Structure formats: C-alpha cells, structure tokens
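Colleague: Could you take me through the pockets of this model and the terms you use for them? I would like to see each label set against its definition.

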Amino acid sequence: MTGSELPGGTYRVGDLTLTRFGYGAMQLAGPGVFGPPADRGAAVDVLRAAVDLGIRHIDTADFYGPHVTNEIIREALAPYPDGLHIVTKVGARRDERGGWPHARTPAELVQQVHDNLRRLGLEALDVVNLRVGGLDSPEPGSIAEQFGALAELREQGLIRHLGLSTVDADQLAEAQAIAPVVCVQNFYNIANRRDDALLDSTARQGIAFVPYWPLGGMSPLQSEALHKVAARLDSTPMSVALAWLLRRSPNVLLIPGTSSAAHLRENVAGAALELPDDVLAELAAIGNEE
C-alpha cells in the first residue's frame, strides 16, 4: 500500500507530503505513557507495520516515556525511509509520579528540541509542535516568547516547520505573526466540536488540523449513539469516528495510536468506511447531545 492508497490520501504540510492517515506513537511506551513497554519487540513491529502500510506521518514526543517512544522509533525505523516524516511536540515533561507538568521556558524548549534530535537520530526535525494547553483544552495567554524560541531554532535549521498543540485562535494568530504555522493539533472529535470554527479557518489557510483522542470526552448518551451507528454499519465506533474526521475537512490528518500491529491495520481499514448522507446527518446530531 502507498500513501496515496491510504484513507484520505496525502496533504501538503509546508514542503512536506504527509499521509492524512498517520500514526500516533504515544502508546508505544508503558502504562500511562510512562516507562518501557511490556513487549518492546511488539512496539518495534507496529512501527514497521505502519511504514509497510504506506504511512508517512508519525507523531511523537520525547516526553512520552519519557524518552522511550523516540528511542523505539529510532530502533525500528532508522535509517529512515525516504518520505517518512516525524512530527514531535515540546512544552511538557514527566515528573517522578508520571505527571505532565509544563516545561515551556525558552531554555527548556531548546533543550527538548535537542533531546528529540539526539534520541531520534536526526539532524533536523520535520515539524515541532509547541504544546500550550492541558489534556483537552487551551490555556489562554501569550505564547510569543515560547514560539519565538522555536522560531529561532527554525532559522538555525534545526527545525523545518512549526506547529501548535492545544491552542485557541488568538494564539494561532499570535504565532503566525512570528513565523509560519503549518499545523494545529487539538482535541476534536464527533462529539467535541468547540474547534469547528478554528478547523474551518485552518482549512482556508492551508494549515493542517490534527485532531487527537477520536473517542475521548464523550457523554454516555453520545457514546451510545455512536455505538448504535457503528452497529448498523457493521463497523466499530473507532472506524466511524476516524471516517467522520476524514470527511470533516480535507486538511484533517489522523494520528490514532495503538501498540498492536493488528489493531493498526484495523484502524486503517476502518477509516476507509463510507458514510452515507443520512449517517452523516445522524452523526452531526451527536455533537448536540448532552
């Protein structure tokens, strides 16, 4: 399978061509995204399976593990195939209890970029996202100092393109006044659509929108409605959720994660699910359920 044969095909991110169906590597670490995986060989296998399927967009962060995920990516895939693009994030760290405290001073961000370069075995990072908010929502406020520090590294050639994670429209605009932004990675799915306007804005600007947590944050009523749709289509809630996201806008790029090569293949096949117009209308109503 090639990138163009994957569900959704490809999308240009700056001067890079990324498959719209990507792979999120967070689950390659141990439970709670902390420590090593129980089966490192299986983690290596799922990355190689992703490349074999034609996926050319892998999302990671050096604070996954911490460090574990990037080390496994390098073990599995280096020397990296032509056209494979690794997108990483900075702006957080892991504490000894497995928490996710912010790490967003300019000095911390510079160190994290160098950590990603070293552990991935790269001379330059394709895309670096500045993580700004919490797990599922932005934290308003200026990001000029932080984004400016990354923009300097871009000028130095250590970063090719810059993105943002868990931000609002004002923060995107502030960042764009400093340097080009090629992608926005926010929490968004069928049931949680507060970023509808931001997604549409990025589409108009040719900026990739990368939603994470495709089944997250749903109320019991919303989850039940999604399960009913999936059952009627003889499919799964995840397949419906991924297929809906690909239909939502051509600039949407997916990064579902899994530690299983078999599950990865199921996700790829499921995202190709055809959603009739009446199903799309029914799914639209899920976002209004309480």
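Modeller: Gladly! This is a predicted model, in which local features need pLDDT of at least 70, side-chain atom pairs count only at pLDDT 80 or more, and totals for chains, interfaces and linings use all residues. Residues are numbered from 1 along each chain as its sequence is written, and side-chain values use heavy atoms, with hydrogens and water left out.

Colleague: Why is E224 called partly exposed?

Modeller: Its relative accessibility is 41%. Buried means under 20% relative accessible area and exposed over 50%, with partly exposed in between (1.4 Å probe, protein chains only), so E224 counts as partly exposed.

Colleague: Where does E224 sit?

Modeller: E224 belongs to helix α7, residues 220-232; a helix here is a DSSP run of H or I with at least four residues, a strand a run of E with at least two, both numbered from the N terminus.

Colleague: What makes 18 residues of the largest pocket's lining nonpolar?

Modeller: Ala, Val, Leu, Ile, Met, Phe, Trp, Tyr, Cys and Pro count as nonpolar, Asp, Glu, Lys and Arg as charged, and the others, Gly among them, as polar. By that rule the lining divides into 18 nonpolar, nine polar and three charged residues.

Colleague: Which element gives the most to that lining?

Modeller: Helix α8, with three residues.
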